[in-house]
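Please report on the predicted model shown here. Cover confidence, sheets, helix packing and backbone geometry.

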Amino acid sequence: MTKKVLIVDDEQNIAISVEYLMRREGFDVSVAKDGEEGLAMIRSTKPDLVLLDVMMPKMDGFQVCSEVRADASLAGVRIIMLTAKGREAEIEKGLSLGADAYIPKPFSTSDLVSRVKALLEPKE
Amino acid sequence: MLSGPLVVVTSFLYLGLLFAIAYWADRRADTGRSVISNPTVYALSLAVYCTAWTYYGSVGRAAATGYGFLPIYLGPTLAATLWVFLLLKMVRISKSQRITSIADFISSRYGKSHLLGGLVTVIAVVGVLPYIALQLKAISSSFSILIHYPDVMLPGGAHTLPVWRDTAFYIALILAVFTILLGTRHLDASERHEGMVAAIAFESIVKLFALTAVGVFITFGLYDGFGDVVHQALQAGHLKTRLIPEGGANFWFSLSLLSALAVLMLPRQFQVAVVENSGENQLRRAIWLFPLYLLLINIFVLPIALAGQLEFAGMGVDADTYVLTLPIAHKQQWLALFSYLGGLSAATGMVIVETIALSTMVCNDLVMPGLLRRWRYRAPSMDLSVILLLVRRGAIFVVLMLGYSYFRLAGEAYALVAIGLISFAAVAQFAPAMIGGMYWRGGTRGGALAGLSAGFLVWIYTLLLPSFAKSGWLARDFLDLGPFGIALLKPQALFGLEGFDEITHCLFWSLTLNIGAYLIVSSIRAPNAEETTQATRFVDAMSINRPIAEGLWRGRAEVDDLISLTGRFLGEDRARESFAEYYAKERNIEDDAELPADGETVHFAETLLAGAIGSASARAMIASVVQEEPLGLDEVMDILDEASQIRAYSHELEQKSRELEAATAELKAANVKLLELDHLKDDFMSSVTHELRTPLTSIRAFSEILWEDPKIDLEERKRFLGIIVSETERLTRLVNQVLDLAKIESGHAVWTSSEVDLGDIIRQSIDASEQLIIDRGGRLKLDLPDAPAKVMADQDRLMQVMLNLLSNAAKFMAKESGRVEVHLKRQQNMYKVMVSDNGSGVPVKLQPVIFEKFRQGVEGSANPLGTGLGLPISREIIEHFGGRLSVKSTPEKGAIFSFVLPCINRGGAAPSNNPGQEAEA
Amino acid sequence: MRQSKMMRQRLVAIFLIGLLLLFSPVIALPDRPRLLFGLPLLFLYLFGVWSLLIAAMAWVVRGGGTNE
């Protein structure tokens, strides 16, 4: 069964690159361009994994993450936070809010892909 | 019809009402809603000054002397202006030392001397007893006049009746009981008498209303107003239009001085004004309300006197009775009864307060010292607080019986009639020791004793004995020829001083010798340790905030001893309560076991005790339970000097600490600002990092994608490379702008400044960006004046601003039928450029921050073209050339960005904040 | 406290004025056998001065003329 990956990022070009990478790995990919839209899509499509940007209009990644973690029906959703804000405090915050991984931008594509795979594979 | 029983019943009802008021006030005080804390009540209680002597006697004096009654009220009125100094200080001192009588005040000031307190008490009792007798006489006379209604019949000599048939005797007894009930109802002897004060304030209202009622009836009922009374009196030859025919100006002045002193020194006045004072704020109202009361109660005195003289001409009716006999003569029985009640209230008020005050003095300064001496050998078996109360009650009884005896003895004699002023002169002897003690440190116990004794003796010799002689108790020769025929010693022309009235004469000699003895004897020896301590406590009362006890006492004491000692006089519970309150309030100690038995604690215990038994006795009692080492004068002086230096220092310190506080606040503000700046810098760095990483992320991702997978098809490859190029451009732009802003902000930017035409700049910038607007489907409208718009600026920088504003407008204009307009116009000395679009506008809450770095109009919007630095840079540029960049926006209707720059068209120099770049250069 | 210093100075001024009007030779001026409005001149003078003094005292201690 194809894993569903959702990309939530307001930076169009980054979203395009990540989308390309995920498709290449054979995932079922969809894209949301802000936090609100992202949360709505998480609720409706229940993706296996979300690649979540932090700095976004309307609702930031931290908020989306904590909303998802507060919703029991979304317990199986894995979250990787992707952000250009790379300070220790923010990494801590993301992980403590329940993100499964925190990858600072700019990231290595191979690294991103392997982290995504690692999170999705053990379940199979 | 008025009858004896009716008058008696009315009198008792009135006393019952007084008692009810007192009871009510006491109850209210117990629940913490004191009525006497009201300043009006305080001012009214001071009006106990107006006794029967005022109520009946003023009219008598007016009939005899014209205006001779007025100085007795004008003196206190003038003196009241100085109460903010004198009375306030007396209150402050008395409250901090728990002084309960004028004897205690003087005794405490001069080293807590039993002898001095005793002397003051003796003077007060001798001086005031006849005054009490006068009140008894007033009550009994008015009673007997009233029961003969409707006949105007003056009382015969009461002293011809046996005591048990004498109304005055029963009056004295009833008043004694009543005073005991009001003044010593509590077992606790040191507290203020709230109920009594409330009752006295009420009595003041009654006597004012009664006298006014009689005055209104006479002036407007019997006559046709003031003018009519005066007119008729003038015709009948009763009117005295001149100021005091007898004695002249001397009498006028000395009477005023005497009254001004008496209003504070009479034991009853000291009682209500100082001891019963429940807050310094009360003085403020009393200062004008008390004189106003005096004025009101005197308004009708003259008409009543004149009317009485007209009415009873040649009938031998005593002018002192006009207030009562005029209503009787006109068959106004209820008015007569009311008038009688007014007189009763004036007399009872005086008797009650005076007796309570005297009993406190007699108890604390005459009886207690004797008892204490006896108890030194054999401790009493009874509870001391009960003994104390019994002594007080006994003293009240004795004082009233003595007053009655004097009344019996003196009868109608001169010695009673003139006693008002004679009493005033007696208590005026307290003034030098008292006022001197409050303002001069040099006074000693010996000086005070000498002054008081000298004044008192002169008073006896020049006023009291002559009054006895005039009453026929002494041979007239004593008065007329002098003792043993020595003319130089004639009591009312002492040392040949003639031509003065007796009051002026007495006042001159007694006060002269009093003050002289006080000063001379005081300067024989320097004040000793105890006197110096007390002098400081009194003289510096207004500047001392804390009791200056630390260091002034050396010895060993046990707190338990102190508590049990005070408990013996105050009652165990109250003593413990007071100590507990003291620990908590003054020492911040919760547990009494921790209380140090130091000088301060001993001083507290002594003060507490002083409230009950007087300061001299308290000193003696404390000395008996603690082991003290007497301090030498030098030590005391050192400590006091230190204390006063500390006061000066602390004043200075206060000021310094205020300055320091201000400096600290400034520092804090600076720190906050620095932190804020730090934070801003941090924010800036974080924002720059974010803005740099974002394009880098795309560039790296696509580069890696292309690198790893060379087989990507051409279309995709071209698209990815395009993204890489545009992100690289974005990165470049960002780096340039950050550097640009950093340069501008740090002042390292290079500016050229020349005369430029704003219209040219606008046209050029539109040429450059028009295509962008058209590409996005918008239309552009330009509105420029024909005349050149010259400003001093940097052409390239202004272009930069215009391009920024235009690109923003193009970016944010409405998606369909977008419009961008550019206007240039002149506003006074400025040119204003406006760039407006019809986009969604800038939200109101963002308008103030839109010019801050990295704050884009739409929060966090995905906007590859914006760096969030364009507007901050534009603002810096415009402000550099003395202009202002601002935004006006109605959300959903678009935004107008506009800037103004000073113009240089009229040949004058453009205002520029860029020195050296002036146009005329 | 600064407020009350001003107040005290004003009260002293009232005291001095009262002294002047009631206890100095000034009082000889109205001290003559004349009637004004049917009342003795001296009576009007004494009660008038008295009332004014009290009014002034009340005005001062109630903070009149100062911006409290």
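pLDDT is the predictor's confidence in each residue, on a scale from 0 to 100. This is a predicted model, in which local features need pLDDT of at least 70 and side-chain atom pairs count only at pLDDT 80 or more, while totals for chains, interfaces and linings use all residues. Residues are numbered from 1 along each chain as its sequence is written, chains are lettered from A and ligands numbered from 1 in the order in which they are written, and side-chain values use heavy atoms, with hydrogens and water left out.

**Confidence**

Helices (H or I, at least four residues) and strands (E, at least two) are DSSP runs, numbered from the N terminus. Chain C has an average pLDDT of 79, and 88% of the residues score at least 70. Within chain C, strand β1 (residues 35-36) has the lowest confidence, with a mean of 75. Helix α2 (residues 41-61) of chain C has the highest, at 88. For chain A the mean pLDDT is 85, with 95% of its residues at 70 or more. Here helix α4 (residues 88-96) of chain A is lowest, at a mean of 74, and β1(A) is highest, at 92.

**The sheet of chain A**

Strands of a sheet pair through backbone hydrogen bonds, either parallel or antiparallel. Two strands count as paired if DSSP finds at least two bridges between them. Chain A holds an open sheet of five strands in the order β2-β1-β3-β4-β5, with parallel pairing. Its edges are β2 (28-32) and β5 (101-104) of chain A; each has a single partner strand, so one side of each is left without a neighbour in the sheet. From one strand to the next, the twist averages 20 degrees. Axes are lines fitted to C-alpha atoms, for helices over the stretch in contact, and angles run from 0 to 180 degrees between N-to-C directions.

Strand β1 (residues 4-8) of chain A runs parallel to β2(A), and five bridges join them. A:Ile7 stands opposite A:Val31 in β2(A). Helix α3 (residues 61-70) of chain A lies across β3 (49-53), β4 (78-83) and β5 of chain A. This helix runs at about 175 degrees to β4(A).

**The sheet of chain B**

Chain B has an open sheet of five strands, ordered β4-β6-β7-β9-β8, with mixed pairing. At the edges stand β4 and β8 (884-889) of chain B, each with a single partner strand, so one side of each lacks a neighbour in the sheet. Neighbouring strands of this sheet are turned by 15 degrees against each other on average, direction ignored. β4 (residues 778-783) and β6 (residues 818-827) of chain B pair in the parallel sense over six bridges. B:Gly778 stands opposite B:Gly818 in β6(B), and B:Leu782 has B:Val822 as its bridge partner.

β6(B) and β7 (residues 830-837) of chain B run antiparallel, joined by eight bridges. B:Lys825 has B:Lys832 in β7(B) as its bridge partner. These two strands, β6(B) and β7(B), form a hairpin with two residues between them.

Helix α33 (residues 795-812) of chain B lies across β6, β7, β8 and β9 (895-902) of chain B, at about 25 degrees to β7(B). Helix α34 (residues 870-880) of chain B also packs on the sheet, touching β8 and β9 of chain B. The direction of α34(B) makes about 130 degrees with that of β8(B).

Two packed helices are described by the angle between their axes and the distance between the axes.

| Helix pair | Axis distance | Angle |
|---|---|---|
| α20 (residues 419-427) and α22 (residues 445-470) of chain B | within 11 Å | roughly 160 degrees |
| α18 (residues 384-410) and α26 (residues 559-570) of chain B | 5 Å | about 40 degrees |

Angles under 35 degrees count as roughly parallel, over 145 as roughly antiparallel, 65 to 115 as roughly perpendicular and the rest as oblique. α20(B) and α22(B) are therefore roughly antiparallel to each other. α18(B) is oblique to α26(B).

Contact means heavy atoms within 4.5 Å. B:Leu384, B:Ser385 and B:Leu388 in α18(B) meet B:Arg568, B:Phe569 and B:Leu570 in α26(B).

**Backbone geometry**

Most residues other than glycine have a negative phi, and most peptide bonds are trans. The peptide bond from A:Lys105 to A:Pro106 is cis, with omega near -5 degrees. A:Pro106 sits in the loop between β5 and α5 (109-120) of chain A. B:Lys331, not a glycine, has a positive phi of about 60 degrees. B:Lys331 lies in the loop between α16 (322-329) and α17 (333-377) of chain B. B:Gln828, in the turn of the hairpin, has a positive phi of about 50 degrees.
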